[in-house]
Amino acid sequence: MKKISLLMILLSLNLISFAQNKYQPTEGNLKARQEFQDQKFGVFLHWGIYSMLATGEWTMNLKNLNYKEYAKLASGFYPSKFDAAQWVSAIKDSGAKYICFTTRHHDGFSMFDSRYTPYNIVQATPFKRDILKELSDECARQDISLHCYYSLLDWGREDYPWGKSGHDTGRSNSKGDWKSYHQFMQNQLTELLTGYGKVGAIWFDGWWDHPKDFDWQLGSLYTLIHHLQPDCLIGNNHHRKPFDGEDFQMFERDLPGENTAGYSSGQEVGQLPLETCETMNGMWGYKIADQDYKSSDDLIRLIVKAAGKNANLLLNIGPQPNGELPAKALLHLKEIGEWMKKYGETIYGTRNGLVAPHAWGVSTQHGNKLYLHILNLQDKVLFIPVQSKRIKTAVLFTDKTPVSFNKVKEGIVLHLGDHPKVVDYIIELTLV
Ligand code: FHN
């Protein structure tokens, strides 16, 4: 008995000291998490020298391109039509509240001026302009947050220990030099967090390149980031439940709790703010042959469904090599923006509503307003599992026309009649 209680004491002491080492977000960070959740919609930009090949951001690995040959693309990269002000305006007009930009993707090319590698937009291209700087200045001017995507894996650096991908890109030593590579990442992250104003988030990717027991030493990267900018949110696209030190949980091509794309197998949905990323067409980086864009209506529904699952949507565009956003993407941004201007009140600042997602749609909630987003309903009536005594009024969101309802066991039935089949038919319930 004595032995057991001694063991319990030791264990609890150990647990306490372990708990003390756990990441404690600052007040500012917790506030930033709330603001991030309020934002609901962001635009992802996958841009790099790979856009010149126009076959997506994985081409170097998929075509086994030698990294020294691939690097020659840089000397021809001159995106003459790049205009940060135009990009940010178009994105802002869509109603997006933040931009996540690929500062360095798996090909290893830095889209910002880095002292730690000459393989960057300023030193290796005739363009010589720090794209990230122009974007961050413009984001500050137009008051929209900037997030930085940063790849943990690198197909071109000799010091990166080979993972599952990039075996045939011409590097000589599969072991790499972890110490050197880790230091390189620390140096670059320091640059990102000290040279580009307020960074809303660092969006890591590539963890999955190594087996799960590989030690990426993420702890020291996370501590560094939070030391430099405590409010900066950290997310990692490892397709798992968040690790200690992370501030939000991300999902790829699926809403939280779903796994149609195969990235979220067994990925539990945790308590941190949630974000799902998805492409407008099929590829992340610019792919000339991929004109198969989702419709604006479907993209709007995706934002709505994400909100109904308490998640943000990070919607991707692959800019062209000439520096322009594709015309189709611009059109979708415009159409999404028109919708958000009218109905954004039912999305921004909300959380998932008390009515769980159903086949007919989802609900969002802000204070005592519960918004029912009807996305797919053939019937003239709709059962809602909310007690009638909790409902003060039920109206159409658009013009506040009353919607009649009657009390039934376990909830109410809304009488919608022959309601129009619009992109999202919104009923506003005021709760008491
Ligand atoms: O390999 C990347 C891919 O290129 C893209 O950046 C996406 C975005 O979520 N993440 C990785 C795949 O999981």
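1. A charge is taken to sit over a ring if NZ of Lys or CZ of Arg is within 6 Å of the ring centre and within 35 degrees of the ring normal. By that rule the charged end of lysine 97 sits over the ring of tyrosine 348, at 4.5 Å from its centre, and arginine 157 lies over the face of phenylalanine 184, 3.6 Å from the ring centre.

2. This is a predicted model, in which local features need pLDDT of at least 70 and side-chain atom pairs count only at pLDDT 80 or more, while totals for chains, interfaces and linings use all residues. Residues are numbered from 1 along each chain as its sequence is written, and side-chain values use heavy atoms, with hydrogens and water left out.

3. Rings of Phe, Tyr and Trp (its six-membered ring) pair if their centres lie within 6.5 Å, and planes under 30 degrees apart count as stacked, over 60 as edge-to-face and the rest as tilted. The count by this rule is 28 aromatic pairs. One of them is the tilted pair of tryptophan 178 and tyrosine 181, with 6.0 Å from centre to centre and 45 degrees between the planes.

4. Tryptophan 178 and tyrosine 181 are three residues apart in helix 7 (residues 178-195), and are therefore separated by about one helical turn; helices here are DSSP runs of H or I with at least four residues, numbered from the N terminus. Both tryptophan 178 and tyrosine 181 are buried, which means under 20% relative accessible area, with a 1.4 Å probe and protein chains only.

5. Ring pairs also link Tyr160, Trp178, Tyr181, Phe184, Phe214 and Trp216 into a cluster.

Conventions
Helices (H or I, at least four residues) and strands (E, at least two) are DSSP runs, numbered from the N terminus. Buried means under 20% relative accessible area, exposed over 50%, partly exposed in between (1.4 Å probe, protein chains only).
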